[in-house]
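Q: Could we go through this model together? I would like to start with the overall fold and then look at individual residues.

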Amino acid sequence: VTDEQTAAAARYFGNVASPPYRRDLKLALTAPVRECVSQLLTAVGPTLASILTEDAQLCELSALCSFPGAAAQALHPDTQIVGAHAHAQLCTAFVALQDVGRVAMGPTEVVVGSNTKDAHMALAAGNK
């Protein structure tokens, strides 16, 4: 792998478990992507407005693509809220663009209550 290929991968793709069967493609805010975001905001805008401040920013926009054969990912937080790599509070939205009910596609699981410091500390300690 060349330095140029490594730089291109970092520019266009985020880190994921189980490559090459799963990719996290970073998206530019092009017209078609803006239309999708607009439709999402129509659906969840009032909820977001009730929890975000006026200075909230879009900090990442990507398409997580899973392909048949993608291994299930271990339970993990997408953003750390404890430890050396802790980030500010984030709100994450997953929008399924196709049927992801098949186990072979590695569907995303959301764990209610996992957005707390205590839950992150328990997960880091190996308590699931």
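This is a predicted model: local features need pLDDT of at least 70, side-chain atom pairs count only at pLDDT 80 or more; totals for chains, interfaces and linings use all residues.

Q: What share of the contacts links residues 24 or more positions apart?
A: Among contacts with a separation of 6 or more in the protein chain, such pairs account for 72%.

Q: Turning to helix α2, where does the kink lie?
A: The kink lies at Val44, shortly before the proline Pro46, and amounts to about 70°. Helix α2 covers residues 31-51.

Q: Which residues are buried in α2?
A: Val33, Gly45 and Leu48 are buried there.

Q: Now to Asp24. Where is Asp24 found?
A: Asp24 belongs to strand β2, which spans residues 22-26.

Q: Is Asp24 buried or exposed?
A: Asp24 is buried, yet it has no salt bridge.

Q: Why is there no salt bridge, and which side chain of opposite charge is nearest?
A: The nearest one is that of Lys26, 7.4 Å away.

Q: Which side chain does join Asp24 in a polar contact?
A: The side chain of Ser62 does, at 2.7 Å.

Q: What else does Asp24 touch?
A: Leaving aside residues up to four places away in sequence, Asp24 touches Tyr12, Phe13, Gly14, Val16, Glu60, Ser62, Ala63 and Leu64.

Q: Back to Lys26, then. Where is Lys26 found?
A: Lys26 is also part of strand β2.

Q: Why is Lys26 classed as partly exposed?
A: Its relative accessible area is 38%. Buried means under 20% and exposed over 50%, so Lys26 falls in between.

Q: Which backbone oxygen lies 2.6 Å from a polar atom of the Lys26 side chain?
A: That of Ala10. Ala10 is also one of the residues that Lys26 touches, beyond those up to four places away in sequence; the others are Arg11, Tyr12, Phe13, Gly14, Leu61 and Ser62.

Q: How far apart are the C-alpha atoms of Lys26 and Leu64?
A: They are separated by 8.7 Å, while the two residues are 38 residues apart along the chain.

Note on methods:
Residues are numbered from 1 along each chain as its sequence is written. Side-chain values use heavy atoms; hydrogens and water are left out. Helices (H or I, at least four residues) and strands (E, at least two) are DSSP runs, numbered from the N terminus. Buried means under 20% relative accessible area, exposed over 50%, partly exposed in between (1.4 Å probe, protein chains only). Lys and Arg count as positive and Asp and Glu as negative; His and the chain ends are not counted. A salt bridge is a side-chain nitrogen of Lys or Arg within 4 Å of a carboxyl oxygen of Asp or Glu. A polar contact is a pair of N or O atoms within 3.5 Å; within protein, one must be able to donate a hydrogen and the other to accept it, and residues adjacent in sequence count only if both atoms are side-chain atoms. Contact means heavy atoms within 4.5 Å. The bend at a residue is the angle between axes fitted to the seven residues ending there and the seven starting there.
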